[in-house]
Amino acid sequence: MSGLLLSMQGAVSQGVLWGIMVLGVYITYRILDIADLTVDGSFALGGCICATLVVGAGWNPILALIASMVSGLVAGAITGFLHTIFEIPAILSGILTQIALWSINLRIMGGKSNIPLLKSDTVFSWIVDATGLTQSQVSVMVGIIVAVLMCVLLYCFFGTELGAALRATGDNEDMIRALGVNTKRTKMLALMISNGLVAFSGGLVCQSQKYADINMGTGAIVIGLASIVIGGVLMGRLHSFGSKLSSAVVGAVVYFLIRAIVLRMGMDANDMKLLSAIIVAFALWIPVATNKWRIKRSYSEGGN
Amino acid sequence: MLKIINVHKTFNTGTINEKKALCGIDLHIKEGEFVTVIGGNGAGKSTVLNMIAGVYPIDAGKIILNGENISRKPEYARAKYLGRVFQDPMKGTAAGMEIEENLALAYRRGRKRTLKWAISKEEKVKYQEELKKLDLGLEDRLSSKVGLLSGGQRQALTLLMATLQKPQLLLLDEHTAALDPKTAAKVLDLTETMIAEHNLTALMITHNMKDAIRLGNRLIMMHEGRIIYDVQGEEKKNLQVKDLLAKFEQASGGEFANDRMMLA
């Protein structure tokens, strides 16, 4: 029983830390209406930068996290550049950056495919040492604090003139351009903020799990979409923008809880990505199917 | 005020679908003029408006607004001078955002978007007053999503958004064509009131010849990328629909009978 509880706690801590990545995905997928596949690369980028700076260069772990975020901003800017200046479709722009980042991430880690942080200080080890709490309790705590902070920051940002222009870009691009907004710039900005959050999350996950791996971002976009979908189902009735943002984090926590449960039930960990893909596919299909079903049902040959 | 000098535009140049949309348009509009634009499908009416707004670049010529050559400015940079209402009621508003948010976006047309709050308290009061003038009951629904409104309500809101920050020139691209006759009449009345109230200079495309004659103080007719008739003052006031039909038939050699303008 305590084993179950422990794995649940682990799942929650992973959920909140990954939840910050999901916030990033939410910005592009829900607000900008773009599926940005840079995410897989920028998540790993954040992790790799963080590990290299902490282990290799002996950086302060907090500064390393900031560096992770900055690297994500740059990655997002590159996707934004490909999309708005080269006018490559958004999905393809993301894929190009993602692929390029794989090589860059290996270069950053000096050709090694993973870096362990076993002996280095991390934000988490500091707090463990200071408070005597367990690693996973500290992860939950830090995760929740950071996630709440990010939600508040994003909530405020999207309430500003610039944030509103960004939301309008996703809602009706022609309209907001007719109102004097350079939509190339707003798209670029959204991609940067999104990937900044994703890479920041990558850095946090790297410090909490005490290693960075070249493949740590693989499938991140699917986890992000699955979490958004789950969060939407659980909190879909709440319409305020703040609750929508927090639904992304809640979705991520529930996703990792589901994952922990099915893993405990004996599922092979490697099958998890398959399961995620199936969840996302069905979640995207359900609204389409119910709509079709409604149309079919409302048809009658003679009319009422 | 607005000077369009010898503007040319060809779409799909060098392909089998090549279409000369504008063939040397010259048009001078004076401050305070309300110009109605009529013409058959493909005459280039919408293209003229889109050229002024900068939706796509022109091939040749100049567009000068209040002494400034705006021919090569991007669409978003011209927005500060122009209020626009489109034919499609869905196009002028953001459906997923609230009524007051849409108004606040429009209120800042052409201004730099900063990190100040998107809407201030004083603005909300102003919006409520402005919405009351529309007489559609929207003043009590400031925080409703625009997607919940009907096409007519959305078009009226777009009109308000276009004039909230007084534009140098108001561009109306068949903005009542997608509405039912009753709603169209209401939106048209609103248009007239707003133009008179704010003393706006406006360019309005319409397919309804009666409206084109009744409204505004100048009328131009386009055909195959050219302005073929330009009338104002007393002469316009005395114009009859049959005069316009005759004029058009003369220009197009009878093909006019097929055009949907007949229906209007």
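How many helices and strands does chain B have? In this predicted model, chain B has 9 helices and 10 strands. Chain A, in turn, contains 12 helices and 2 strands. Read from the N terminus, the elements of chain A follow the order α-α-α-α-β-α-α-α-α-α-β-α-α-α.

The overall dimensions of chain A were examined next. For its 304 residues the globule rule gives 19 Å, and the radius of gyration of chain A is 20 Å, close to that value, so chain A is as compact as a globular protein of that length. Its C-alpha atoms fill a box of roughly 75 × 50 × 35 Å along the principal axes. Of the 304 residues of chain A, 50% count as buried. Among contacts in chain A with a separation of 6 or more, 79% are accounted for by residues 24 or more positions apart.

The corresponding values were computed for chain B. A compact globule of 264 residues would have a radius of gyration near 18 Å, and the 19 Å of chain B agrees with this. The C-alpha atoms of chain B fill a box of roughly 60 × 40 × 35 Å along the principal axes. Of its 264 residues, 42% count as buried. When contacts in chain B between residues at least 6 apart in sequence are considered, 69% join residues at least 24 apart.

Two sheets of chain B are described here. One is an open sheet of 6 strands with mixed pairing, in the order S6-S7-S8-S3-S9-S10. Its edges are formed by strand S6 (82-85) and strand S10 (226-232) of chain B; each has a single partner strand, so one side of each is left without a neighbour in the sheet. From one strand to the next, the twist averages 15°. Strand S9 (residues 218-223) of chain B runs antiparallel to S10(B), and 6 bridges join the two. Within this pair, His223(B) stands opposite Arg226(B) of S10(B). Two helices of chain B pack on the sheet. Helix H1 (residues 45-53) of chain B touches strand S3 (34-39), S6, strand S7 (169-173), strand S8 (202-205) and S9 of chain B. The direction of H1(B) makes about 145° with that of S7(B). Helix H5 (residues 151-164) of chain B touches S6 and S7 of chain B, and its direction makes about 175° with that of S6(B).

The other sheet of chain B is open and has 4 strands, in the order S2-S1-S4-S5, with antiparallel pairing. Strand S2 (19-29) and strand S5 (68-69) of chain B lie at the edges; each has a single partner strand, so one side of each lacks a neighbour in the sheet. Strand S4 (residues 60-65) of chain B is joined to S5(B) by 2 bridges, and the two run antiparallel. The bridge partner of Leu65(B) in S5(B) is Glu68(B). H1(B) packs on this sheet, where it touches strand S1 (2-11), S2 and S4 of chain B. Here the direction of H1(B) makes about 65° with that of S2(B).

In soluble globular proteins, nonpolar side chains tend to be buried together. The largest nonpolar core of the model has 158 residues, and those with the most contacts inside it are Val22(A), Tyr26(A) and Val249(A). Helix H1 (residues 2-31) of chain A gives the most to this core, with 14 residues. Leaving out residues up to four places away in sequence, Tyr26(A) touches Ile31(A), Ile228(A), Leu245(A) and Ala248(A).

Gly72(A) lies in helix H3 (residues 61-84) of chain A. Gly72(A) counts as buried because 32 C-beta neighbours lie inside 10 Å. Beyond its neighbours within four places in sequence, the contacts of Gly72(A) are Ser42(A), Leu45(A), Gly46(A), Asn195(A), Gly196(A), Val198(A), Ala199(A) and Phe200(A). Gly72(A) and Met265(A) are separated by 193 residues in sequence and by 36 Å in space, C-alpha to C-alpha.

The contact between the two chains takes 20 residues from chain A and 25 residues from chain B. On the side of chain A that touches chain B, the elements giving two or more residues are helix H7 (161-171) and helix H8 (173-178) of chain A. H7(A) gives the most to this side, with 8 residues. The residues of this side of chain A divide into 9 nonpolar, 6 polar and 5 charged.

Notes:
Residues numbered from 1 in each chain as written. Chains lettered and ligands numbered in written order. Predicted model: local features only at pLDDT ≥ 70, side-chain atom pairs only at ≥ 80, totals over all residues. Pairing = 2+ DSSP bridges. Axes fitted to C-alpha atoms, helices over the stretch in contact; angles between N-to-C directions. Contact = placed C-beta atoms within 7 Å. Nonpolar A, V, L, I, M, F, W, Y, C, P; charged D, E, K, R; others polar. Rg over C-alpha atoms; globule rule 2.2 N^0.38 Å. Buried ≥ 20, exposed ≤ 12 C-beta atoms within 10 Å, placed from the backbone. Core = buried A, V, L, I, M, F, W, Y, C linked by C-beta atoms within 7 Å.
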